[in-house]
Amino acid sequence: MVQSTSAEQFAAQIRALKDRAGISFEELAKRTNSSSSSLHRYCSGAKIPTGYGVVHALGTACGASNEELRELHRLWALADAARSASNAPEDDVDNGEPTTSSVQSPSAPSAPSAPSARRGPRLRRPVLTIAAVGVVAVATVSVIAMLDTSEKTNASATSGDRARPSGTTAPVRVFNVEKACAARQERLPGCSIGLAADPRVNYDANNVVSHRVWHGDVLSADCVVYDGDQVKDETGATSTRWFRVRLSDVPGGYAWLSGIRTRDNQPLPRCRI
């Protein structure tokens, strides 16, 4: 099977999201209810997911932003349409060789209908091309429409129908990518991680609450936002996802943990802020 350009672009996008999230194929398979072998084929471009739900689950499991989800779904629609077109039976192509209907018999006059018979195959290929373009356009519009609808639902930005009801919490474990800090049992100040007071304000010393957390701490999160301030960790990975975590010792009763500081992807509703 020869890969189409659109399939290669879709595979490259999936690989980029997975690499940025820093998760293994095995972990990604658990988060998306897919097999590791299928994920390997998606990332190599050898296979295109057959459903919109799989694509959305892959994107959200890797912490994709709304804009990244739109682009991922667009690339999938193009790749899926190209695959559908390539699976269609090919029309006969006029290669210049005389057909049975166009060969003149030595004992019979030329058939006037021969030119029409030769024109038929020439007209079929443009029709197939136009149909393929139509499939791409319809698929792309359908994906964007579904994405717009999903963004209006709290649960859709995480795991669809698996999202927890509003008002409930889920455990989120803090992750420190610095190996020296992750390996320490002591809660050294230099290894602590700050929680933000506002996820959409620049994440700096002026936007950090007094409560500090360390690698391995488990927090109770009740919702998530996907379009917050972008945070980069020590390896260069970035995320705009923020978990709202409940705390009793900070004003308002909650603070925000950057998605780059955890490897969990709990099915939580979108925060209404």
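**Note on a predicted model: salt bridges, cores and strands**

1. Start with a charged cluster. Asp-222, Arg-244 and Arg-246 are linked in a network of salt bridges. A salt bridge here is a side-chain nitrogen of Lys or Arg within 4 Å of a carboxyl oxygen of Asp or Glu. In general, side chains of opposite charge can pair when their charged atoms come close. Across the whole structure, a search finds nine salt bridges.

2. Some ground rules. This is a predicted model, in which local features need pLDDT of at least 70 and side-chain atom pairs count only at pLDDT 80 or more, while totals for chains, interfaces and linings use all residues. Residues are numbered from 1 along each chain as its sequence is written, and side-chain values use heavy atoms, with hydrogens and water left out.

3. Next, confidence. pLDDT is the predictor's confidence in each residue, from 0 to 100. The protein chain averages 75, and 69% of the residues score at least 70. Two stretches call for caution. Over residues 88-141, pLDDT stays under 50, and the model has 23 contacts there beyond four places in sequence. Residues 143-162 also stay under 50, with 41 such contacts. Contact means heavy atoms within 4.5 Å.

4. The side chains of Asp-222 and Arg-246 meet at 3.2 Å, N to O, in a salt bridge. This pair links distant parts of the chain: Asp-222 is in strand 4 (residues 218-225) and Arg-246 in strand 7 (residues 242-246), 24 residues apart. Helices (H or I, at least four residues) and strands (E, at least two) are DSSP runs, numbered from the N terminus. Asp-222 is buried, at 7% relative accessible area. Arg-246 counts as partly exposed, at 41%. The cut-offs are under 20% for buried and over 50% for exposed, with partly exposed in between (1.4 Å probe, protein chains only).

5. Strand 4 has two partners to check. Strands pair if DSSP finds at least two bridges between them. Strand 1 (residues 170-173) pairs with strand 4 in the antiparallel sense, over four bridges. Here Arg-173 has Val-218 of strand 4 as its bridge partner. Strand 7 also runs antiparallel to strand 4, joined by four bridges. Val-225 stands opposite Trp-242 of strand 7. Strand 4 is mostly covered, with six of its eight residues buried.

6. Arg-261 deserves a look. It lies in the segment after strand 8 (254-258). Arg-261 is buried, with a relative accessible area of 14%. Its side chain makes a polar contact with the side chain of Glu-234, at 3.2 Å. A polar contact is a pair of N or O atoms within 3.5 Å; within protein, one must be able to donate a hydrogen and the other to accept it, and residues adjacent in sequence count only if both atoms are side-chain atoms. Leaving aside neighbours within four places in sequence, the contacts of Arg-261 include Arg-173, Phe-175, Ile-193 and Asp-233.

7. Arg-20 and Glu-68 meet at 2.6 Å, N to O, through their side chains. That pair joins distant parts of the chain: helix 1 (residues 5-21) holds Arg-20 and helix 5 (residues 66-86) holds Glu-68, 48 residues apart. Arg-20 is partly exposed at 22%, and Glu-68 is partly exposed at 21%. The side chains of Arg-74 and Glu-71 form a salt bridge at 2.8 Å, N to O. Both lie in helix 5, three residues apart, about one turn of the helix.

8. Now the nonpolar cores. A nonpolar core is a set of buried Ala, Val, Leu, Ile, Met, Phe, Trp, Tyr and Cys residues joined through side-chain atoms within 4.5 Å. The largest has 25 residues, of which Phe-10, Leu-28, Leu-39 and Trp-76 touch the most other members. Helix 1, helix 2 (25-32), helix 3 (36-44), helix 4 (52-61) and helix 5 each give two or more residues to this core. Helix 5 supplies the largest share, six residues. A second, separate core of 18 residues includes Val-174, Leu-195, Val-213 and Phe-243.

9. Last, helix 4. Seven of its ten residues are buried, so helix 4 is largely enclosed by the rest of the structure. Among the buried residues are Tyr-52, His-56 and Leu-58. Leu-58 is also one of the contacts of Leu-39. Gly-63 follows helix 4 and has a positive phi, near 75°.
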